[in-house]
Amino acid sequence: MRVEDFDFELPEELIAQTPLLDRTSSKLLIADFEKQSYTHTHFKEILNELNEGDCLVLNDTKVMPARLMGMKEETGANVEVLLLTQIEGDHWETLVKPAKRVKIGTEITFGEGLLKAVCTGIKDHGGRIFRFEYTGVFFEVLDQLGEMPLPPYIHEKLENKDRYQTVYAKEQGSAAAPTAGLHFTDALLDEIRLKGVKIAFVTLHVGLGTFRPVSVDSIDDHEMHSEFYRITQETADVINKVKAIGGKVVAVGTTSTRTLETVATKFDGQLQADSGWTSIFIYPGYEFKCIDGMITNFHLPKSTLVMLVSALTSRDFILSAYKEAVDLKYRFFSFGDAMFIKGRNY
């Protein structure tokens, strides 16, 4: 299967630059594979698509204000550092621009010395390992100095940084938001619970590898970057019980999907408490072991995310849905509209 098979025409003006004031007012395309149908509504109507006994699974990761603007102590040159992954203690994997200015031993200062960093390692594609030095609590310093790491296709300034967080964000560690969850409000989640739908949480810290372009021609040659995940026994028990009584498991976003499928693959279709690093790559031909449906945003052409959602139904079915979304001027990507995909076994 070729990467080109997942290309589609996307007018640039459909790339959402700012979030809507009301999270639940985005458009919602319901793609039902069994009925081979597409219907159009608004996100607040997702309540009508979930039934008592189903389970909605959310990723409770929290986006770090991970973009830091600093200066080289030696020359005063400006350097941008984007935190990706905490390796251990105060050592972090990062992306640096311009990377050529930063060699092992380079010292960078942020916020007039509130935070300092020393380069201790070099990785490919502008990657650097830093050891950070500071007084107090690292994440409090980061909250004071850092900016939200908005994707490169968003050119507008984000007025309220909380709009790039889900309302249930809890576990600090992501370099990007699990954007399918941005459509939910506390009030909508309460309505979903009142209907008898179980709500469960997993954690997957989103790295930028998920969004990097696929640079090979054949899908089989692509290697996914690893991301840290965690699932509790409480969540595992809730989902296992829902599946045992025939309820549907609906993952909110590709990150929740990858977490659930990683653990279900590891434990022969059942879930149990687990944590670790996943590089699972889901594309057509994959047999899903946990989820029945997915709520997701609209993704970039030729991306691993388009491949993942295609696996839940079929490539042709998803690309037809995307064409319909383009024709009806849906908003795409992080701040865009949503799709509820009812999979093959829904």
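**Figure 1. Asp 268 in the loop between helix H4 and strand S15.** In this predicted model, Asp 268 sits in the loop that runs between helix H4 (253–266) and strand S15 (274–278). What is the phi of Asp 268? The angle is positive, about 55°, although Asp 268 is not a glycine. As background, most residues other than glycine have a negative phi. Asp 268 counts as exposed because its relative accessibility is 75%, and exposed begins over 50%.

**Figure 2. Lys 329, a residue with positive phi in the loop between helix H6 and strand S17.** Here we look at the loop between helix H6 (315–327) and strand S17 (338–342), where Lys 329 is placed. Lys 329 is a residue other than glycine, and its phi is positive, near 60°. Is Lys 329 buried or exposed? With a relative accessible area of 59%, Lys 329 is exposed.

**Figure 3. The cis peptide bond from Lys 97 to Pro 98.** Most peptide bonds are trans. The bond that joins Lys 97 to Pro 98 is cis, and its omega is near -10°. To find this spot, look in the loop between S7 and strand S8 (107–110), which holds Pro 98.

**Figure 4. Helix H1 and its buried face.** Helix H1 covers residues 138–145, and Phe 138, Val 141 and Leu 142 are buried in it. Seen down the axis of H1, these buried residues fall within an arc of 100°, so they line one face of the helix. Which exposed residues does H1 carry on the face turned away from its buried side? They are Glu 140 and Gln 144. On the buried side, the packing partners of H1 are strands S5 (67–72), S6 (78–88), S7 (91–97), S9 (115–122) and S10 (127–134).

**Figure 5. Thr 61 in strand S4 and the residues around it.** Thr 61 belongs to strand S4, which spans residues 61–63. Its relative accessibility is 1%, so Thr 61 counts as buried. Which residues does Thr 61 contact, leaving aside neighbours within four places in sequence? Among them are Thr 166, Ala 169, Lys 170 and Glu 171, as well as Thr 203, Leu 204, His 205 and Val 206.

**Figure 6. Thr 235 in helix H3.** Helix H3 takes in residues 233–244, and Thr 235 is one of them. Thr 235 is buried, with a relative accessible area of 6%. Not counting residues up to four places away in sequence, Thr 235 touches Ala 200, Phe 201 and Val 202. For a sense of distance, Thr 235 and Ser 334 are 99 residues apart in sequence and 26 Å apart from C-alpha to C-alpha.

**Figure 7. The chain behind the close-ups.** Stepping back, the chain has 6 helices and 17 strands. Its radius of gyration is 20 Å, close to the 20 Å that the globule rule gives for 346 residues, so the chain is as compact as a globular protein of that length. The C-alpha trace spans about 65 × 45 × 40 Å along its principal axes, and 56% of the residues are buried. Of the contacts with a separation of 6 or more, 71% link residues 24 or more positions apart.

How values were computed: Residues are numbered from 1 along each chain as its sequence is written. This is a predicted model: local features need pLDDT of at least 70, side-chain atom pairs count only at pLDDT 80 or more; totals for chains, interfaces and linings use all residues. Side-chain values use heavy atoms; hydrogens and water are left out. Helices (H or I, at least four residues) and strands (E, at least two) are DSSP runs, numbered from the N terminus. Buried means under 20% relative accessible area, exposed over 50%, partly exposed in between (1.4 Å probe, protein chains only). Contact means heavy atoms within 4.5 Å. The arc is that of the directions from the helix axis to the C-beta atoms. The radius of gyration is taken over C-alpha atoms; the globule rule is 2.2 Å times the number of residues to the power 0.38.
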